[in-house]
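Have a look at the model first, then read on.

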Amino acid sequence: MAYWQKLNYSENKFQPFHIKLDYCDEEITLRDIYKFDDDQEWIDRTAQEIADGYKYFVILRAKVYLAGVELASHSLGGLLFDNTDEMESMMRLDYEGIIAEAVDKAKHNLKQMSEAMSGAAA
């Protein structure tokens with residue numbers, strides 16, 4: 001079971017939505033992702049560095065809420081970092097794209113709910 005760790009995000013760019021960001025260890029192995037890669041030595045070495053805690057292999061996720069209700073989420077996995085400082089700074093570069101995708105899904109879900117409620121009221 002994945003243990004999700006919260007990331008700080010406090011911008012108001014996506015109002016009226018509230019955004020929550022978190023990350024956890026990637027559940028897919030390097031060998032599964034790079035199964036057609038010829039550099040098995042790199043895969044074995046990197047997998048051992050991840051297992052030993054010298055590298056980080058994670059999933060980044062954004063959840064979108066409105067009035068306390070989760071409307072959508074989007075994630076990006078297979079992110080490999082050498083240390084926590086690199087992980088935090090590189091994730092910040094990916095925040096906006098992941099958040100924008102989740103917000104687009106939330107807007108779509110809201111539209112579908114609105115249409116469903118309009119049809120139910122008729």
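## A residue in H2

Isoleucine 43 is found in helix H2, which covers residues 40-51; helices here are DSSP runs of H or I with at least four residues, strands are E runs of at least two, and both are numbered from the N terminus. Isoleucine 43 has a relative accessible area of 1%, so it counts as buried. For that label the cut-off is under 20% relative accessible area, with exposed meaning over 50% and partly exposed in between (1.4 Å probe, protein chains only).

What does isoleucine 43 touch, once neighbours within four places in sequence are left aside? Its contacts are Leu30, Arg31, Tyr34 and Asp37, where a contact means heavy atoms within 4.5 Å. As for threonine 29, 14 residues away along the chain, its C-alpha atom lies 9.7 Å from that of isoleucine 43.

## Ground rules

This is a predicted model, so keep in mind that local features need pLDDT of at least 70 and side-chain atom pairs count only at pLDDT 80 or more, while totals for chains, interfaces and linings use all residues. Residues are numbered from 1 along each chain as its sequence is written, and side-chain values use heavy atoms, with hydrogens and water left out.

## The overall layout

The protein chain has three helices and four strands. Reading from the N terminus, they come in the order β-β-α-α-β-β-α.

On overall dimensions, the C-alpha trace spans about 65 × 30 × 25 Å along its principal axes. The radius of gyration of the protein chain is 18 Å, whereas a compact globule of 122 residues would be near 14 Å; that radius is taken over C-alpha atoms, and the globule rule is 2.2 Å times the number of residues to the power 0.38. Buried residues make up 29% of the 122. Of the contacts in the protein chain with a separation of 6 or more, 63% are between residues 24 or more positions apart.

## The sheet

Now for the strands. All four form an open sheet, ordered E1-E2-E3-E4, with antiparallel pairing; two strands pair if DSSP finds at least two bridges between them. E1 and E4 are the edge strands with a single partner strand each, so one side of each has no neighbour in the sheet. On average, neighbouring strands are turned by 25° against each other, direction ignored; the axes behind that angle are lines fitted to C-alpha atoms (for helices over the stretch in contact), and angles run from 0 to 180 degrees between N-to-C directions.

Going across the sheet, E1 and E2 are joined by three bridges, E2 and E3 by eight, and E3 and E4 by 10. Leucine 21 is a handy landmark: its bridge partner in E3 is alanine 62, and leucine 21 is itself the partner in E2 of leucine 7. Elsewhere, isoleucine 19 stands opposite valine 64 in E3, and valine 58 stands opposite leucine 79 in E4. Nine of the 11 residues of E3 are buried, so this strand is largely enclosed by the rest of the structure.

## The nonpolar core

Which residues have the most contacts inside the largest nonpolar core? They are Ile19, Leu21 and Ile99, in a core of 22 residues. Such a core is a set of buried Ala, Val, Leu, Ile, Met, Phe, Trp, Tyr and Cys residues joined through side-chain atoms within 4.5 Å. Strands E2 (18-25), E3 (56-66) and E4 (69-81) and helix H3 (84-121) each give two or more residues to this core. H3 supplies the largest share, seven residues.

Take Ile99 as a close-up. Leaving aside neighbours within four places in sequence, Ile99 is in contact with Tyr9, Phe14, Ile19, Leu21 and Ala62.

Most residues other than glycine have a negative phi, and most peptide bonds are trans. Glutamine 15 and proline 16 are joined by a cis peptide bond, with omega about 10°. Proline 16 is in the loop between strand E1 (5-7) and E2.

The other case is alanine 67, which has a positive phi of about 55° although it is not a glycine. Alanine 67 is in the hairpin of E3 and E4, which has two residues between the strands. Is alanine 67 buried or exposed? At 78% relative accessibility, alanine 67 counts as exposed.
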